[in-house]
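Good morning. I have one structure to show today, and I will keep to a few points.

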Amino acid sequence: MKYQFKKLAAAIALTVPVSLTEIALARGIKNQIPVTQKERQYEFICKFAKTATTPSSKNSNSAENRRNPKTLQIQGKDLVVTPIFDSTEAPAASSVSSESKINKADLSGLNQFYRMSSSRASNDELHQMARELEATNQVEYCEFIPKYTPPPADIAPLSTDYSAYQGHIEPDPGIDVAYARSLGLTGSNVTIADIERDWNLDHEDLVDQNVRFGTARSPDDAAHHGTGVIGILVAGDNGYGMTGTVPDAEMIVFSEEVGRLQALSDAITALSPGDIIILEMQRGGPQTPGSIKEVKYPGESFVPADYDRSIWDTVKIATDAGIHVVATAGNGNVNLDHSLYDDYRARGDNGSIMVGAGSSTALHNKLSFSTYGSPLHLQGWGENVWTLGTGNLAKFGNDDNQAYTYSFNGTSSAAPIVASAVALVQDYAETFLGRDISPREMRTLLIETGIAQGEGGLVGPLPNIRAAIERLSEEISSGNICDGINEYPNWTARDWPGGPYNHANALDKMVYQGVLYEANWYTSSVPGSDPSWLSLGACATSPTAN
């Protein structure tokens, strides 16, 4: 092998159209590079060992590496290597808006991923290059990731208010968003990132909301899909159209057109612990008995996006950093407990919440198209969801910006419904408990308090927001949060050693009139009397008690 390589230790990506006709069913780490499907856009990903020498480790300025990427030679072909992750952009990308939410994520694992491009290599040569890179002891694995998989498929005139028809908002068979609203919870403490292809942010029910692009928009015929997803979450509470489950949440959308790994990396750097990423993506995987065969992609059925190892690894980076990841299981009716998915399951737990599609009835049965099995955790409505887009319900003025649907379906609708529960329970924890809930704690809480699944392969229970919040409220009703806390005016800090205790410092806690408060900064005011204090909830009685 002739190449200028030394110890390059990163993931390498290339976006190319491929025209090979078979797809490998086996998935592993090394020596399992799949043959790619024809007529699709792929990224060629390799993940390298942390100990290897990379362009970034030689030059810590990853922004410079991206402007002037390195060039390697493999098989006489130039390969241009560019970092996926730009550490210099992370502070600017952060959406943190308060001193109490600091981005504490350990993003070092993202430095193992790079993008590579070549104007001369054929598809066969690219696969051979991947094998040669894997042959070094610097490389953990290589793979080809599909760039995307096609999704399943008030301005004048005045629009009707359809919010009363959004059954997923109500108690069983819904997730009981209504209960969270009764507590004043609207998602104001949470930022959500949606990763898919396109959105119409000019829709009348989104244009006044806190929604923005995290990457440049690449207009696509799938805009109605993304609009439907985020409409479930952040459609305005404005008296017309739909009302989102968390209308006061911040929403950032990241297009997978830049590459799935890039979009996921960008989302991670924009968020803080307690925030949420929705992976509205699926991926072709081996067919199992009874799975839905894809006519356009022979040999494949739809499975989770993290079937690709690099996506799986990067999701784990996010959840280890405290960011919730809610992922669609895919619409392939694939049994993930089949032996073809032994390697996938053997990876363990990346901390995500994997979502399947359940019925919109109180039976909560698995829907026929939903991928299923032990890797799944929760279900959401996969049918009859009222949201924005398409216009099959109404398109006022024949305007796409006033289009609504009553039939947004699939694991695509299930994921934002589950993400709604995550957001509202997290909002409760921050508002009343003054803490974030870790991704694995959240997942366990929603499973244990959820509404049991009915018939069909395993997709998990439906979240029950009221039950989850009531369990969390026991932290308050038990009085545990106030044990050992100074009660006003028994101050916690003094101005000099030996001086009187006369104030509280930032993050100091105090009890006043049965309520626990936390100081936002140096303060000597009465707890709760001004913005220098944050209320963490009642000490002895639950604020959720009837």
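Predicted model: local features only at pLDDT ≥ 70, side-chain atom pairs only at ≥ 80, totals over all residues.

The chain has 546 residues, and 58% of them count as buried. In secondary structure, we have twelve helices and 23 strands.

Now the sheet. Seven strands make up an open sheet with parallel pairing, and their order is β8-β9-β7-β10-β13-β14-β15. Which strands stand at the edges? They are β8, residues 211–213, and β15, residues 378–381. Each has a single partner strand, so one side of each has no neighbour in the sheet. On average, neighbouring strands here are turned by 25 degrees against each other, direction ignored. Helix α10, residues 411–433, packs on this sheet and touches β7, β10, β13, β14 and β15. The direction of α10 makes about 125 degrees with that of β14.

β7, residues 191–196, and β9, residues 250–255, run parallel and are joined by six bridges. Opposite Glu-196 stands Ser-255 of β9.

That brings me to the residue. Is Ser-255 buried or exposed? Its relative accessible area is 2%, and buried means under 20%, so Ser-255 is buried. The Ser-255 side chain reaches the backbone oxygen of Arg-197 at 3.2 Å. Beyond its neighbours within four places in sequence, Ser-255 is in contact with several residues, among them Trp-199, Thr-215 and Ala-263.

That is what I have; thank you.

Note on methods. Residues numbered from 1 in each chain as written. Heavy atoms only, no water. Pairing = 2+ DSSP bridges. Helix = DSSP H or I, 4+ residues; strand = E, 2+ residues; numbered from the N terminus. Axes fitted to C-alpha atoms, helices over the stretch in contact; angles between N-to-C directions. Contact = heavy atoms within 4.5 Å. Buried < 20%, exposed > 50% of the residue type's maximum accessible area, 1.4 Å probe, protein only. Polar contact = N/O pair within 3.5 Å; in protein donor to acceptor, adjacent residues only side chain to side chain.
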